[in-house]
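Welcome! Here is a short tour of one protein chain, written to be read with the structure open beside you. Take your time and find each spot as it comes up.

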Amino acid sequence: MASKYHDDWQSSKKTVLQRNAYMFDNELMSDVSFTCGESSRIFHTHKYVLATSSAVFFAMFYGDLAQKESPICLPDADEESFKEFLRYLYTDDGKITAENAIGVMYLAKKYLMMSLTKKCCKVLEASIKPDNVFVVLEQAIQFDEQKLEAKCWDIISKKTQECINSEAFCNVGSHTLKVLLKRRPLELAEVEVFKAVLKWVDGECSRQGLNIEEDKMARRRVLGDSVYEIRFLEMSQEDFAKYVSSTRILTEAEVISIFQKFSGLDVAGLEWKEQKKRQPYIVGFSRFDVANASSGWNYRGGSDALILIVNKAVLFHGVRLFGDSGGSRYEVKFTVKNENVKGTYTSERDNDRGWGYDVMLPKPVPIKRDEKFTIIATIEGPQSHIGNKGKSSVKVGDIVVTFNDAPYSLSSNCTNKAVGQFYKIFLSDL
């Protein structure tokens, strides 16, 4: 083997990184190899490099049940993803692209490579589009990548029609479909939602080998309880008759009952009669990173205030305030424009692992584009966490919130755009 390489190749590699890169997929000194799926290509690797990068590889090669055979076949990996996964182990710089990021992230999760997982998430976040958002969403859910999942839902909420028209939508899981139906935006026509759902149902029937012509109830059986998330009564009677009634998504009795409801009759037992108007999709704008939160914020009868400006017309729903890590209770009076809310709130950790509590308005307050408005909180309770290194503005989707200092007369507790209270702001599109 050594005859294939000049005797002093090391001299031309001036750094450890260069020497490691030279050994990437190199049979020189290789002591374990891999294949992917049905492919015959062999990847030459080195146990030391793999084991020092991954606890899983360490257990595989040096644990009590160490594997001896080589090559090791990975039936769940494709060549391109595994190649860039290995490149990262050898060079710290795998060529992660939108096309291979999901495959690489799967391997990174499998072999406990957290730094590589983060890199894959960043690539995916930057490459999410309506035509691939459901592919990324399914992986984000599977891998419990909450930030990536939230980014996907934000895009879906903003461009729902484009997203559900994509081919990727037809391959989402039934749970994801149901969540989508629960949280989709108000402005999307219900008949368009139904058309997309029918496309998904037919795709799922095909995957399960069900013949919808022979099995009259196949569509309904595949859709399951998600049928109750479709707002048939918000369609026009004409659209219901044209697009729904003959699909066998509904039973004959249900179709008749809905037609009776369209005619103004009171139909007993109709599952869809109590449907409530769907709430808008609320987005949280975090002005502090959790890593920049610390304890020690006191309340002595003063108030905390900020001035906000939003770049487009929105609805203001409330705020998340910092609490302590002991689950303490806080008495709060919150004011925005002419709306007030009072209550007692318990500090809890949210999905971003920040301690606090949500103070939500009974009804959202409309905010005009570029309107300056002030939020004020008067809080009574024990010391809470405090945000540091506050962001001057935060953008989510096409909404940008800018933060400015309020007068001391309103913010005597010294909250300002750099430090203090108001961990998150909750808004939605009009």
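Is Lys 110 buried, partly exposed or exposed? Lys 110 is partly exposed, with a relative accessible area of 34%. Please keep in mind that you are looking at a predicted model. The chain is divided into domain 1 (10-127), domain 2 (173-263) and domain 3 (283-429), and the C-alpha centres of domain 1 and domain 3 lie 44 Å apart.

**Salt bridges**

- Let's begin with a general idea: side chains of opposite charge can pair when their charged atoms come close.
- The structure holds 19 salt bridges.
- One of them joins the side chains of Lys 110 and Asp 76, with N and O 2.9 Å apart. Lys 110 belongs to helix H5 (residues 101-110) and Asp 76 to the loop between strand S3 (72-74) and helix H4 (79-91), so this pair ties together parts that are 34 residues apart in sequence.
- Next to look for is the salt bridge between Lys 109 and Glu 145, at 2.8 Å from N to O. This pair links distant parts of the chain, 36 residues apart: Lys 109 is in helix H5, and Glu 145 is in the loop between helix H7 (133-142) and helix H8 (146-158).
- How exposed are these two partners? Lys 109 is partly exposed at 23% relative accessibility, whereas Glu 145 has 18% and counts as buried. The cut-off explains the label: buried means under 20% relative accessible area, so Glu 145 falls in that class.
- Lys 195 and Glu 192 also form a salt bridge, with their closest N and O atoms 3.4 Å apart. Both residues lie in helix H11 (residues 190-207), three residues apart, which is about one turn of the helix. Lys 195 is partly exposed at 33%, and Glu 192 is partly exposed at 26%.
- Arg 320, Asp 350, Asp 358 and Lys 424 are linked in a network of salt bridges.

**Strands and sheets**

- What is the order of strands in the open sheet of five? The order is S4-S16-S7-S11-S10, with antiparallel pairing. S4 and strand S10 (348-349) are the edge strands, each pairing on one side only.
- S4 and S16 run antiparallel and are joined by four bridges. To find this pairing, look for Phe 285, which stands opposite Ile 425 in S16.
- Strand S6 (residues 303-310) and strand S15 (residues 399-405) also run antiparallel, with five bridges between them. Here Leu 308 stands opposite Phe 403 in S15.
- S15 pairs with strand S14 (residues 393-396) too, in the antiparallel sense and over four bridges. Ser 393 has Thr 402 in S15 as its bridge partner.
- S14 and S15 form a hairpin with two residues between the strands, and Gly 397 there takes a positive phi near 65°.

**The largest pocket**

- The largest pocket has a volume of about 1,600 Å³. It is lined by 39 residues, and the closest to its centre are Gln 146, Lys 147, Ala 150, Asp 352 and Lys 424.
- Which elements give two or more residues to this lining? They are helix H6 (114-127), H8, strand S4 (283-286), S14 and strand S16 (424-429). H8 gives the most, with eight residues.
- By class, the lining has 16 nonpolar, six polar and 17 charged residues.
- Domain 1 and domain 3 each supply at least three residues to the lining of the largest pocket.

**Backbone spots to look for**

- As a rule, most residues other than glycine have a negative phi, and most peptide bonds are trans.
- The peptide bond from Ser 70 to Pro 71 is cis, with omega near 5°. Pro 71 lies in the loop between helix H3 (55-62) and S3.
- Asp 25 has a positive phi, near 50°. This residue sits in the loop between helix H1 (16-23) and strand S1 (32-36), and Asp 25 is partly exposed at 23%.
- Cys 414 also has a positive phi, near 80°. Cys 414 is found in the loop between S15 and S16, and is partly exposed with a relative accessible area of 42%.

Notes:
Residues numbered from 1 in each chain as written. Predicted model: local features only at pLDDT ≥ 70, side-chain atom pairs only at ≥ 80, totals over all residues. Heavy atoms only, no water. Salt bridge = Lys/Arg side-chain N within 4 Å of Asp/Glu carboxyl O. Buried < 20%, exposed > 50% of the residue type's maximum accessible area, 1.4 Å probe, protein only. Pairing = 2+ DSSP bridges. 1 Å grid on protein atoms, 1.4 Å probe; cavity = no way out; pocket = protein on both sides within 12 Å on 5 of 7 lines; lining within 4 Å. Points joined across faces, edges and corners; volume = space filled by probe spheres on them. Nonpolar A, V, L, I, M, F, W, Y, C, P; charged D, E, K, R; others polar. Domains from an automatic or database assignment.
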